[in-house]
Amino acid sequence: MEKPRLAWAITGSGHYLRECLEIIDGLEDVDLFLSRAAAEILQQYGFKHKVAKVFQDKTASSIPVEMFYYGAYHTVVIAPATSNTVAKMVYGISDSLVTNVYAQAGKCGVPSIVFACDTEPEVESEAPRDNMVKVYPRRIDLENMEKLKTFEQTTVASDMQQLQTAIQARLAWLKTSSS
C-alpha cells in the first residue's frame with residue numbers, strides 16, 4: 001500500500017480559494033476532492049490547481065470515500081468550507097462528497113482541519129472577476145462554526161494563517177511520529 005496522503009476537499013466558495021490553491025500547490029502527496037459547486041466555482045473564477053488525483057462529486061454514494069477504510073489518508077483539509085457544508089457537518093449530514101469525506105474521516109480516526117468561510121460578523125471575500133465584496137454571515141453560520149470547534153479530531157481555522165499553521169503542525173507531527 002502507498003504511504004498515506006493528505007485529502008483536501010473544496011466546497012463552492014471563492015472565499016480565500018486562491019490562497020487555498022496556493023497552499024495546495026506547495027504540498028506533496030495531496031488528493032483533491034471537489035464538491036459539485038467547487039468544480040463550478042474553480043471554472044467561474046478561472047483558477048487552476050496542480051493536483052494530479054482529483055475526485056469530483058459525481059456518484060450518489062461518494063465512492064472515493066472508501067479509501068479512508070484502507071488507510072489512504074492521514075489528514076483531511078476542508079478549505080474553503082461554506083456555511084452549508086459546515087452546517088451539514090455539525091448536524092451529521094453526509095449527502096455530498098465533501099460531507100462524506102468529513103464523516104468517513106471521523107469514523108476512521110483521521111484528523112480534519114476545516115477553514116470555515118463564515119468566522120466573523122463581517123468578512124471581506126473575493127468574488128469572480130477580481131472583485132472584493134463584504135459578506136455578513138448569519139448568526140446561525142457563526143454558531144455552527146463554533147459548534148464544529150468542539151468536534152473530536154477537528155481543528156477549525158478562521159483565517160489563512162491559522163490554516164497554514166494547523167497544516168504545518170499536523171505534517172510536522174506526522175514526520176516525528178513516523179521516525
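Start by colouring the protein chain by pLDDT, the predictor's confidence in each residue, from 0 to 100. The chain averages 88, and 92% of the residues score at least 70. This is a predicted model, in which local features need pLDDT of at least 70 and side-chain atom pairs count only at pLDDT 80 or more, while totals for chains, interfaces and linings use all residues. Residues are numbered from 1 along each chain as its sequence is written, and side-chain values use heavy atoms, with hydrogens and water left out.

Helices (H or I, at least four residues) and strands (E, at least two) are DSSP runs, numbered from the N terminus.

Now select the strands of the open sheet. Six of them line up in the order β3-β2-β1-β4-β5-β8, with parallel pairing (two strands pair if DSSP finds at least two bridges between them). β3 (53-56) and β8 are the edge strands; each has a single partner strand, so one side of each has no neighbour in the sheet. On average, neighbouring strands here are turned by 20° against each other, direction ignored.

Strand β5 (residues 112-116) runs parallel to β8 and is joined to it by four bridges.

**Two backbone stops**

Most residues other than glycine have a negative phi, and most peptide bonds are trans. Select A79 and P80: the peptide bond joining them is cis, with omega about -10°. P80 is found in strand β4 (residues 73-81). Next, go to D29, in the loop between α1 (17-25) and β2 (30-34). Phi of D29 is near 55°, a positive value in a residue other than glycine.

**Helix α3 and its two partners**

Show helix α3 (residues 83-90) together with helix α5 (residues 139-148). Their axes (lines fitted to C-alpha atoms, for helices over the stretch in contact, with angles from 0 to 180 degrees between N-to-C directions) come within 9 Å and cross at roughly 50°. Angles under 35 degrees count as roughly parallel, over 145 as roughly antiparallel, 65 to 115 as roughly perpendicular and the rest as oblique, so α3 and α5 are oblique to each other.

Display side chains here: S83, V86, A87, M89 and V90 in α3 meet D141, N144, M145, K147 and L148 in α5, where contact means heavy atoms within 4.5 Å. By class, this contact has six nonpolar, two polar and two charged residues (Ala, Val, Leu, Ile, Met, Phe, Trp, Tyr, Cys and Pro count as nonpolar, Asp, Glu, Lys and Arg as charged, and the others, Gly among them, as polar).

The axes of α3 and α4 come within 10 Å and cross at roughly 40°. T85, K88 and M89 in α3 meet V98, T99 and Y102 in α4. That contact divides into three nonpolar residues, two polar and one charged.

**Last stop: α1 and α6**

How do α1 and helix α6 lie relative to each other, roughly parallel or oblique? The axes of α1 and α6 (residues 160-178) come within 11 Å and cross at roughly 20°, so the two helices are roughly parallel. Select E19, C20 and I23 in α1, which meet M160, L163, Q164 and I167 in α6. Five nonpolar residues, one polar and one charged make up this contact.
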